[in-house]
Amino acid sequence: MIAVLSILAPIFALIGLGLWLRRSGRAPEEHWRTVEQICYLLFFPALLISTLMDADLGGGAVSDMALTMVATVVPIGGLVLALRGVLYRYWGVEAPAFTSIFQACTRWNGFVALAIVIELYGVEGGALVAVAFAVMVPLINITNVVLLASLLTDGRPDPIKILQTLAKNPFIIGCTVGLAINLLNVSVPHSVETLLDLTGRAALGLGLLAVGAGLRVRYALKPSREIWLTVALKMILWPLIAGLAAYAFGMTGAAFEIAVICVAVPTAMNGFILARRMGGDAELYAGAVTVQTAVAALSIPLVVLLVRALGV
């Protein structure tokens, strides 16, 4: 346990540092919006490209990872949808709050997942996380946008606009470019590789700082039962489903462990922006992100120890 904590401690220390920098006023909130945009538009796409273009995509690990990710998102999303009537009847959860619960249960923080996996398994492990990005980003974004549009607006979701939004998503572009270079065996000039490597290195440190800066402690001082529900479904049930799915698809060793770790991370802050723009319960979502991130500091080391102890 101590060995795992020592490896993961710097990651959560950076998240905490980002929170402290924003709350102390040494790096005001408006500055972090620029950092987030640079990470989103440039640093992380560069990291995904450089990781995927040199990855060994042979064998079944890549396809198994893709299938496992789909086989985990769908059941979790379906379960939360099935709970809507119960939550409304017994907890009085209206549509805005329900959409935030759904988002908090189905989104994942790829920044944190990539940082943890690269630290534990190196760049080769990061390639599997990049595969998870390629699968999860379009699936999760389509599902959440459609749900919010269906429950919070009068009009129907516009499929064309959704596809246009996905086509412009930097993560999807980065995954597509990296996979294309790899599969087509495109020769990339050394200078371009160096540029991508240098740019990608900035992603993890700044990304983790930005995650911490985005946390909203005031929304999580007295967590509601809705927030604790997202913790149970996202931080406990989802990794359990991932483990079962990964085992069913024959994943073993590091690949099995990475598949579980990918979904054991807290939900992502970008759902807060979507909730605020589309009429969801943004405060509930912010509280869920903050509590999940705090819980993750303990739950992720436990998940790592558990999957390694299983010896699959």
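This is a predicted model: local features need pLDDT of at least 70, side-chain atom pairs count only at pLDDT 80 or more; totals for chains, interfaces and linings use all residues.
## Overall fold

The chain is helical in its secondary structure: 13 helices and zero strands. Read along the sequence, the pattern is α-α-α-α-α-α-α-α-α-α-α-α-α.

The C-alpha atoms fill a box of roughly 55 × 50 × 45 Å along the principal axes. Of the 312 residues, 52% are buried.

## Helices H3 and H6

Helix H3 covers residues 61-82, and helix H6 covers residues 110-152. Their axes come within 9 Å and cross at roughly 25 degrees. Angles under 35 degrees count as roughly parallel, and H3 and H6 are therefore roughly parallel to each other. Their crossing is right-handed.

Which residues meet between H3 and H6? From H3 come Ala61, Val62, Met65, Ala66, Met69, Val70, Val73 and Leu81. From H6 come Leu128, Val131, Ala132, Val135, Met136, Leu139, Ile140 and Leu147. By class, this contact has 16 nonpolar residues, with no polar and no charged ones.

## Asn182 in helix H8

Asn182 sits in helix H8, which spans residues 170-183. Is Asn182 buried or exposed? The cut-off for buried is under 20% relative accessible area. Asn182 has 16%, so it is buried.

Leaving out residues up to four places away, Asn182 touches Leu52, Met53, Asp54, Ala55 and Leu57. Take Leu57 as one case. Asn182 and Leu57 are 125 residues apart in sequence, yet their C-alpha atoms are 8.2 Å apart in space.

## Thr290 in helix H13

Thr290 belongs to helix H13, residues 282-310. Its relative accessibility is 8%, so Thr290 counts as buried.

What does Thr290 touch, not counting residues up to four places away in sequence? The partners are Leu215, Arg216, Val217 and Ala220.

Technical notes: Residues are numbered from 1 along each chain as its sequence is written. Side-chain values use heavy atoms; hydrogens and water are left out. Axes are lines fitted to C-alpha atoms, for helices over the stretch in contact, and angles run from 0 to 180 degrees between N-to-C directions. Helices (H or I, at least four residues) and strands (E, at least two) are DSSP runs, numbered from the N terminus. Angles under 35 degrees count as roughly parallel, over 145 as roughly antiparallel, 65 to 115 as roughly perpendicular and the rest as oblique. A crossing is left-handed if the near helix is turned anticlockwise from the far one by less than a right angle, and right-handed if clockwise. Contact means heavy atoms within 4.5 Å. Ala, Val, Leu, Ile, Met, Phe, Trp, Tyr, Cys and Pro count as nonpolar, Asp, Glu, Lys and Arg as charged, and the others, Gly among them, as polar. Buried means under 20% relative accessible area, exposed over 50%, partly exposed in between (1.4 Å probe, protein chains only).
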